Amino acid sequence: TDANLVASFHAPGNQQLESKMLGLASILFLSRYSDQVPEWLRRGFDIYFRGHSVTPDGELARGLPTVHLVALQRAFELEQYVPLSVLTRRTREDFHERPKGTERMANLLPEAEAWGLIHFLLHGDCGEVLRNDFLEYVRAALGRGSKARKARFEVSDWSELERAWKDHVRG
């Protein structure tokens with residue numbers, strides 16, 4: 001197959017399909033540049049772009065994936081979320097592992113947590129230094145070879161980041 005092929009689909013008014021296609025496009029974009037993209041980043045951007053829509057004049061309008069937002073807010077209430085320091089280290093194999101006894105919406109939580117973190121880092125009150133560190137991490141993760149494999153999102157105080165992340169998601 002040709003890695004430079006582009007696929008498109010046009011179905012005016014089908015917001016569910018449009019949402020899914022925007023999410024899949026983000027996965028294809030990330031995969032185009034690296035096969036080493038961490039699972040939380042891949043899944044988080046998928047949900048991040050699923051919240052967007054395309055306006056009638058072809059512009060991308062930012063939105064929120066409501067189901068994931070509600071699931072994450074509920075997980076905060078029940079204390080049934082994965083700490084960010086753990087989430088950002090998970091592999092494809094263990095990304096969906098949940099604590100025993102979690103509620104019914106737990107199948108949404110891994111993606112919701114990753115989306116919430118990405119949304120916070122891009123649009124929340126996290127400070128320019130952390131936002132720039134995140135963008136540098138994304139650039140490194142999209143690289144090839146050992147640089148991409150070694151890319152890590154490092155934070156000096158995970159508990160402070162987690163507090164601010166929760167505040168952002170709670171609105």
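Student: Which helices each supply at least two residues of the lining of the second largest pocket?

Tutor: This is a predicted model, in which local features need pLDDT of at least 70 and side-chain atom pairs count only at pLDDT 80 or more, while totals for chains, interfaces and linings use all residues. Residues are numbered from 1 along each chain as its sequence is written, and side-chain values use heavy atoms, with hydrogens and water left out. Rolling a probe the size of a water molecule over the atoms shows where empty space is left. A pocket is an open set of points on a 1 Å grid where a 1.4 Å probe fits, with protein on both sides within 12 Å along at least five of seven lines, and lining residues have an atom within 4 Å of a point. Here helix 2 (39-50) and helix 7 (145-150) each supply at least two lining residues, helices being DSSP runs of H or I with at least four residues.

Student: How much space lies in the second largest pocket?

Tutor: About 360 Å³, and among its 17 lining residues Q36, P38, R90, T91 and R152 are the closest to the centre.

Student: Which helices do the buried residues of helix 8 pack against?

Tutor: They pack against helix 3 (66-78), helix 4 (84-87), helix 5 (109-123) and helix 6 (128-141); the buried residues of helix 8 include W158, L161 and W165.

Note on methods: Grid points are joined across faces, edges and corners, and a volume is the space filled by probe spheres set on the points. Buried means under 20% relative accessible area, exposed over 50%, partly exposed in between (1.4 Å probe, protein chains only). Contact means heavy atoms within 4.5 Å.
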